[in-house]
Structures are given as C-alpha cells and as structure tokens.
Amino acid sequence: MTSYFDDLETRRPEARAAAQLDALRAQIALVRAMPGAGLPDVVVTSLADLAKFPVLRKSDLGGWQKAQPPFGGLHVANMTHVFQSPGPIYEPGGSSHDWWRFGRFLHACGIGPGDIVQNCFGYHLTPAGTMFENGARAVGAAVLPAGTGQTELQVRAAADIGTTAYAGTPDYLKVILEKADEMGVSLQITKAAVSGGALFPQLRQYYADRGITCLQCYATADLGHVAYETAPGEGMIVDEGVIVEIVTPGTGDPVAPGDVGEVVVTSLNPDYPLIRFATGDMSAAMPGTSPCGRSNLRIKGWMGRADQTTKIKGMFVRPEQVAALVAKVGAARARIIADRMGDADVMQVHVEGAGLDATAIATAVVDILKLKGDVICCPPGTLPRDGLVIEDRRTYDT
C-alpha cells in the first residue's frame with residue numbers, strides 16, 4: 001500500500017485548484033505591496049489568469065539585486081540563511097519545517113525515521129545541502145552533512161555509522177560505491193535521492209543491481225522543490241507548493257497540453273513569493289495521473305534548455321525575438337533554423353499560420369532579427385511541437 005507524505009497529494013483536482021487559487025491571490029497581494037513591483041492590474045478569477053502576468057527571469061532578479069541588495073526589494077520573511085548562486089544571484093532560505101518542501105520527495109524515496117542520510121550536496125554558499133537537510137529533518141531522518149569530495153572519508157563514514165540513504169548528484173554515489181569496493185568495505189545504502197544532473201537509465205540500473213532504489217527530483221535554488229519521481233518511468237509529480245506552467249520559450253504563452261515548452265513556476269511560499277519564475281528548463285505535461293495515486297500534474301522531467309539563443313552571421317538571435325516576430329506577422333508559431341552553406345551561415349524562417357504574407361514576413365525578419373533569411377510559410381499544425389524555436393543544424397567538422 002502506498003504511503004503518502006500528507007493528504008494534499010491525493011486530493012481532488014478541483015480542491016487543489018481552489019486552494020492554489022486562494023494562495024495565488026495572496027501571493028499576488030504580497031508582491032503588489034512591494035515598491036516598483038510592476039504587476040499588471042489583473043483580476044484573478046482562475047489559475048488560467050496567471051498567463052496574463054509577465055514572466056520573471058533570473059536576469060531580472062540579478063538586475064534588481066544589483067540595484068537594491070540583497071533581494072531586489074522582493075518580499076522576504078522568516079529568513080535564516082542567504083545563499084549565492086552563479087551570477088551572482090542571492091537566494092533566501094528558512095529553517096522552519098520543510099521550508100523548501102523536500103520532505104515530500106524524500107518520503108517518496110522511502111526515507112524516514114531510522115534512516116541516516118549521507119548528504120553529499122554542497123553546503124558552502126549554494127543551498128542544495130541545506131535544502132536536503134531541511135527535508136530530511138521533515139521526515140525524521142538523521143543527516144551526515146558530508147558535502148562533496150573526499151571519497152575515501154565518505155566511504156569510511158558511511159560504513160562506520162551505517163548510512164542507509166544517499167542524497168547527492170546521480171553520479172557521485174557510483175564513485176562512492178566503487179571506492180568502497182576498492183577498499184573492501186561493505187555499505188548499507190539502499191535508498192538514493194538524487195538531483196542536479198542526469199540520471200541515465202544505465203546508471204539507475206547499476207544502482208538497482210546493487211539493491212539501491214534511486215529516484216530523482218527537479219528543483220532550483222530560487223524555488224526549492226518543484227517536482228519528483230515516485231517510480232522510474234512514470235514522470236515527475238509537481239510539488240503541492242508550486243504552480244507549474246509549460247510555455248513557449250521566449251514568451252509567457254502556455255503551450256497545448258503535451259507540447260514541449262519552458263517550465264515556468266509560481267511559488268506559493270509566502271516567505272518568498274515568485275510569480276511566474278522562468279526556470280530556463282524544457283519539459284512537457286503528461287496525461288493522466290500517476291499509478292501511485294498522487295493526483296497532481298506530472299511532467300516528463302528535464303528535456304533541454306529553453307535559452308536557445310544562437311549567433312547567426314555574427315548576430316545573436318533570441319527566443320524573445322522569435323516571439324516578437326510571431327506577434328507582428330500574426331502567425332501561430334515560428335522556427336528559426338541556422339545552417340551552413342559552404343563556409344557561410346544561412347538562416348531559414350519557418351512561419352506557421354493561415355493567410356501569411358511571405359514578403360511582409362521577410363521585412364519583419366530584418367526589422368526584428370536584424371538579419372535576412374529565407375521565409376517558408378507552413379500550413380497550420382505542421383511545425384514540430386518539440387519546444388524548439390531556434391534550431392542550430394550547423395556542424396563544424398573539418
């Protein structure tokens with residue numbers, strides 16, 4: 001019988017939507033109270049109204065933080081930690097029960113009272129180590145704050161204290177296990193909660209062959225926990241404390257169900273409300289509900305980066321420009337293809353829609369992209385729904 005972290009995981013979708021709508025309104029009120037928040041005057045009557053708000057990007061946070069350190073004037077409450085990510089970008093953290101919501105994921109991994117978690121995420125400046133420790137406390141597990149590196153000492157500690165669970169990047173556990181084999185040391189690790197890298201099928205199978213159940217989650221330094229596995233191959237279930245949208249890269253426009261797009265997340269944590277935060281990662285929604293009985297939306301996991309910015313003929317072409325082109329010419333969607341002809345870059349502009357004017361589109365391309373390209377008008381529904389708005393086909397083999 002499946003054990004759930006709480007009743008929120010199995011509530012009816014209508015009840016979840018109603019609760020999230022109330023929480024969303026409260027978050028918007030908090031943000032609107034901030035000086036210079038700049039949110040549009042939208043009356044929110046449903047979760048679909050989120051699409052009427054602008055997307056918040058990491059670059060926006062960086063600019064705001066430089067102007068008004070440390071958090072750019074954003075609402076922050078109950079803060080006990082400050083972290084730094086590359087940029088630099090600064091993130092607040094809290095110490096209250098399950099502040100980053102990782103307890104839900106660790107519970108799904110079977111981690112709980114009686115377990116000792118060897119936490120191999122970093123503790124210095126970046127938040128991952130503290131995030132997972134906070135989650136381990138939420139499920140009643142003890143933590144060895146191992147951090148990264150010093151593999152021989154990691155093996156010795158795991159053997160001496162009887163570590164039963166691992167938290168860290170997907171590949172580092174294999175390094176620990178191989179070092180233990182080399183040292184002739186037997187370890188008791190049977191559970192692994194991983195993130196921060198690709199969990200390839202062969203690596204998951206390697207762990208399974210050694211009696212270790214390995215599951216992964218998706219999280220960011222700004223948002224905390226976003227989605228998690230409960231079984232291999234069943235996608236990732238969205239966390240109960242966030243609202244996830246999948247949008248066309250470079251825009252805030254939701255894609256059709258099942259299409260690939262950029263993951264945009266609204267945090268329902270009142271201590272640090274982020275409205276429509278663009279992660280820069282690609283994914284797609286999955287139909288139906290998880291076989292485990294949890295009823296929230298599922299996504300397919302990481303499917304690439306949304307920032308497809310590409311230099312063509314010496315000029316950067318960005319997803320935002322493609323979105324502006326689509327809006328200007330009245331198209332449904334567009335796809336820029338960069339290729340090479342001999343030693344020169346060439347650009348094709350595939351534009352999908354009905355009644356399109358190729359000559360007008362060519363003019364708009366030069367106006368917006370500052371480049372000339374071959375315009376190809378495509379019938380409705382013919383461009384791939386794979387999330388790519390800029391495709392680079394160039395190779396540089398000699």
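Where is T164 found? I placed T164 in the loop between α5 (151-161) and β5 (165-168). Helices (H or I, at least four residues) and strands (E, at least two) are DSSP runs, numbered from the N terminus.

**Basis.** I worked on a predicted model, in which local features need pLDDT of at least 70 and side-chain atom pairs count only at pLDDT 80 or more, while totals for chains, interfaces and linings use all residues. Residues are numbered from 1 along each chain as its sequence is written, and side-chain values use heavy atoms, with hydrogens and water left out.

**T164.** I looked up burial next. T164 counts as buried because its relative accessibility is 15%; buried means under 20% relative accessible area, exposed over 50%, partly exposed in between (1.4 Å probe, protein chains only).

I then listed its polar contacts (pairs of N or O atoms within 3.5 Å; within protein, one must be able to donate a hydrogen and the other to accept it, and residues adjacent in sequence count only if both atoms are side-chain atoms). The side chains of T164 and D115 are joined by one of 2.7 Å. The T164 side chain also reaches the backbone nitrogen of I116, at 3.1 Å. With neighbours within four places in sequence left aside, T164 is in contact (heavy atoms within 4.5 Å) with D115, I116, Q188, I189, T190 and K191.

**Cavities.** I used a 1 Å grid over the protein atoms alone, where a cavity is a set of points where a 1.4 Å probe fits but cannot get out, and lining residues have an atom within 4 Å of a point. Grid points are joined across faces, edges and corners, and a volume is the space filled by probe spheres set on the points. I found two cavities of 30 Å³ or more.

The largest cavity has a volume of about 60 Å³. Its lining includes W99, W100, R101, D222 and Y272, and divides into six nonpolar, three polar and two charged residues. Here Ala, Val, Leu, Ile, Met, Phe, Trp, Tyr, Cys and Pro count as nonpolar, Asp, Glu, Lys and Arg as charged, and the others, Gly among them, as polar.

The second largest cavity holds about 30 Å³ of space. Y218, V263, D281, M282, S283, I299, G301 and W302 line it. Strand β12 (residues 277-286) gives the most to this lining, with three residues. I noted five nonpolar, two polar and one charged residue in the lining.

**Domains.** The domain assignment, automatic or from a database, gives domain 1 (13-305) and domain 2 (310-392). Their C-alpha centres lie 34 Å apart. Eight residues from domain 1 and nine residues from domain 2 take part in the contact.

Definitions and conventions. 1 Å grid on protein atoms, 1.4 Å probe; cavity = no way out; pocket = protein on both sides within 12 Å on 5 of 7 lines; lining within 4 Å.
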